[in-house]
Amino acid sequence: MDINTVKEIKRPGSADEITQWRPGYAWLAGGTWLFSEPQVATDTLIDLDQLNWPAIEPSPAGIDIAATCRIAELYRYAEAADWPAMGLVCECCNAFLASFKIWNAATIGGNICMSLPAGPMISLTAAFDASYTLHPRDAQPREVPAVDFVTGNHINILQPGELLRSIHLPASALAKRYAFRHASLTHLGRSAVLIIGTQQSGGADLLLTITAATPRPIQLRFEHLPSAADLRRALDERIPADGYFHDVHGSASYKRHLTYHFTEEIRAELAGSEAAA
């Protein structure tokens, strides 16, 4: 879409060159949402492509992913990587409502910063206990847990002009067992529910990350695998009946039902993995 309100495109060599932020500015990464509808409040785009951040940097501590990394780049890396939980990356990439053309343009950071309940990169990074590095315009960089970044539907903790620089996936999370459940009302449609369970290799713990069904990621941590009754009770305590997200992709009651169903499936699957181990 042509955005006829845009009068200028800045291409800085470093994000630090943008020292002052004003209404009308917008960071441009993949642009798959930015160019999809009118942006009447935007008159200046600041192109991040010229910054040439390395897309993916593995190390013994885990993996650092640039916010400008494309979905297709992350998927290709995950297919070849040997971390036990990298299959979860592919599962979350496949949960996108997107064609291959979008995969080659859309960025990890863009999906996170859109902060929609169904953002699969939000689901992925929260389940991996990731941390985000944020660069304010007038302060030192700060790190925040992925699970705390999104605060509601299309709402996050970014301050005006603040930039998501990178995402760190810790090695401890990449070595976990996992179980994945996802549902959509339509084939390749936006997620109604996306739930991930992870468990330490050889452990009896359980971390459940619930997304799409709720306005923001919700996590339940258990030191020991709970019973079905204890899991249901924990869900009711953590997510009240009116805490589920209602939209055209599924009613709140439908999403609540699937959350009960999928979390129990995940609990049983990881219990079986634990027994086999």
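How much space lies in the largest pocket?

1. Ground rules. This is a predicted model, in which local features need pLDDT of at least 70, side-chain atom pairs count only at pLDDT 80 or more, and totals for chains, interfaces and linings use all residues. Residues are numbered from 1 along each chain as its sequence is written, and side-chain values use heavy atoms, with hydrogens and water left out.

2. The largest pocket. About 1400 Å³ of space lies in it. A pocket here is an open set of points on a 1 Å grid over the protein atoms alone, with protein on both sides within 12 Å along at least five of seven lines. A volume is the space filled by probe spheres set on the points, which are joined across faces, edges and corners.

3. Its lining. The largest pocket is lined by 48 residues. Lining residues have an atom within 4 Å of a point. Trp33, Gly110, Cys113, Met114 and His154 lie nearest the centre. Strand E2 (25-28), helix H4 (108-114) and strand E10 (163-170) each give two or more residues. H4 gives the most, with 5 residues. Helices (H or I, at least four residues) and strands (E, at least two) are DSSP runs, numbered from the N terminus.

4. The lining divides into 27 nonpolar, 18 polar and 3 charged residues. Ala, Val, Leu, Ile, Met, Phe, Trp, Tyr, Cys and Pro count as nonpolar, Asp, Glu, Lys and Arg as charged, and the others, Gly among them, as polar.

5. The cavity. The whole structure holds 1 cavity of 30 Å³ or more. A cavity is a set of grid points where a 1.4 Å probe fits but cannot get out. The volume of the largest cavity is about 40 Å³. Leu116, Ile122, Val150, Thr214 and Arg216 are among the residues that line it. The lining divides into 7 nonpolar, 4 polar and 1 charged.

6. H1 against H2. Helix H1 (residues 71-80) and helix H2 (residues 87-94) pack at about 150°, with axes 8 Å apart. Axes are lines fitted to C-alpha atoms, for helices over the stretch in contact, and angles run from 0 to 180 degrees between N-to-C directions. On the H1 side, Ile71, Leu74, Tyr75, Ala78 and Glu79 make the contact; on the H2 side, Val89, Cys90, Cys93 and Asn94 do. Contact means heavy atoms within 4.5 Å. These residues divide into 7 nonpolar, 1 polar and 1 charged.

7. The cover over H2. Leu88, Val89, Cys90, Cys92 and Cys93 of H2 are buried. Buried means under 20% relative accessible area, exposed over 50%, and partly exposed in between (1.4 Å probe, protein chains only). Their cover includes H1, helix H3 (100-103), helix H5 (120-127), strand E11 (177-184) and strand E12 (191-199).

8. Positive phi. Most residues other than glycine have a negative phi. Asp129 has a positive phi of about 55°. Asp129 is in the loop between H5 and strand E6 (131-135), and is partly exposed at 29% relative accessible area. His154 has a positive phi near 65°. His154 is in the loop between strand E8 (150-152) and strand E9 (155-156), and is partly exposed at 43%.

9. Ala252. This residue is in helix H8 (residues 252-276). Ala252 touches Tyr244, Phe245 and His246, not counting residues up to four places away in sequence. Ala252 and Thr214 are 38 residues apart in sequence and 8.6 Å apart in space, C-alpha to C-alpha.
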